[in-house]
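Student: I would like to learn how to read a few features of this structure. Please take them one at a time.

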Amino acid sequence: MTKKLNTWQIIMLGVNVLMILGIFVGNYFYLDNNFSYDLKKTLSMSFALIGVVNLAYAIIARCKNKGFYISMCAGLVLAMAGDVAINKDFIIGAGLFMLGHVGFIVGYCFLEKMRRLDAVISGIVFVIAGAYLMFWPTLEFGEPIFKYVCLVYALVISTMLGKSAGNFIRRRSFANAVIFLGSILFVFSDLMLVFDWFMGMGRIAGILCMSTYYPAECLLALSMFLMTLKNKKNADIS
């Protein structure tokens, strides 16, 4: 990112920043209006749209490693679908979110193949998360299937965090830092979701969940554009 940006890169940076700022403002009103479902759908469609726009730009700019951009965009779209579904059916919504996280993991693996360090970090995070879900006394899942859905989800989100951490440790670029931070925020947001749904912490946990969820999605969407700036073989479309 040390080179001067060309015209199209400046335009795309502006589009990303403006859309992300719009989501942040919308998230404030979402939290202030008792978690309006209609506003939630609008915000989720917005971060998915950022992903689609950045994917289109990567294709037009003839970026290498298109698998990364396609996987990340698929993850954002599936997360949007999970947002829409989870208010109606927890299992379907969680399943779509899991698929979205798998999309992100695949995207991370396009940047660099899975390594031992990634697996070690993922395993440590999952052991902690799994032990919490299985043995924390105040967790009330109601239906046993919810616990096992959460365990599978914890495995996926732990792998997502571990892979992003490993990528950042090996290649400390700004884009990898953004991906790592987005993954951290995702883990925190999901923890708050568990507090909200299964520990009865209510509005406080819900606010913390959504206050970090949309920034996480926005960071992962932004990382797609940042990766196009790293691509040395991008065509100059200005």
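Student: Is S173 buried or exposed?

Tutor: Some background comes before the answer. This is a predicted model, in which local features need pLDDT of at least 70 and side-chain atom pairs count only at pLDDT 80 or more, while totals for chains, interfaces and linings use all residues. Residues are numbered from 1 along each chain as its sequence is written, and side-chain values use heavy atoms, with hydrogens and water left out. Buried means under 20% relative accessible area, exposed means over 50%, and partly exposed is in between, using a 1.4 Å probe and protein chains only. S173 has 17% relative accessibility, so it counts as buried.

Student: Where does S173 lie, and which residues is it in contact with?

Tutor: S173 lies in the loop between α6 and α7. Helices here are DSSP runs of H or I with at least four residues, numbered from the N terminus. Contact means heavy atoms within 4.5 Å. Leaving aside neighbours within four places in sequence, S173 is in contact with F168 and K230. S173 and K230 are 57 residues apart in sequence, but 9.2 Å apart in space from C-alpha to C-alpha. A polar atom of the S173 side chain also lies 3.1 Å from the backbone nitrogen of N176.

Student: How are the axes of α6 and α7 placed?

Tutor: Two packed helices are described by the angle between their axes and the distance between the axes. Axes are lines fitted to C-alpha atoms, for helices over the stretch in contact, and angles run from 0 to 180 degrees between N-to-C directions. Helix α6 (residues 144-170) and helix α7 (residues 174-198) have axes that come within 8 Å and cross at roughly 160 degrees. That makes α6 roughly antiparallel to α7, a term for angles over 145 degrees.

Student: Which residues make the contact?

Tutor: Among them are F146, Y153 and F168 of α6, and I179, F180 and F198 of α7. By class, the contact has 15 nonpolar, four polar and one charged residues. Ala, Val, Leu, Ile, Met, Phe, Trp, Tyr, Cys and Pro count as nonpolar, Asp, Glu, Lys and Arg as charged, and the others, Gly among them, as polar.

Student: What is the phi of R62 and of N65?

Tutor: Most residues other than glycine have a negative phi. R62 has a positive phi of about 55 degrees, and N65 has a positive phi of about 55 degrees. R62 is found in the loop between α2 (37-60) and α3 (66-86), and N65 is found in the loop between α2 and α3. R62 counts as exposed at 54% relative accessibility, whereas N65 counts as partly exposed at 33%.

Key
Helices (H or I, at least four residues) and strands (E, at least two) are DSSP runs, numbered from the N terminus. Angles under 35 degrees count as roughly parallel, over 145 as roughly antiparallel, 65 to 115 as roughly perpendicular and the rest as oblique. A polar contact is a pair of N or O atoms within 3.5 Å; within protein, one must be able to donate a hydrogen and the other to accept it, and residues adjacent in sequence count only if both atoms are side-chain atoms.
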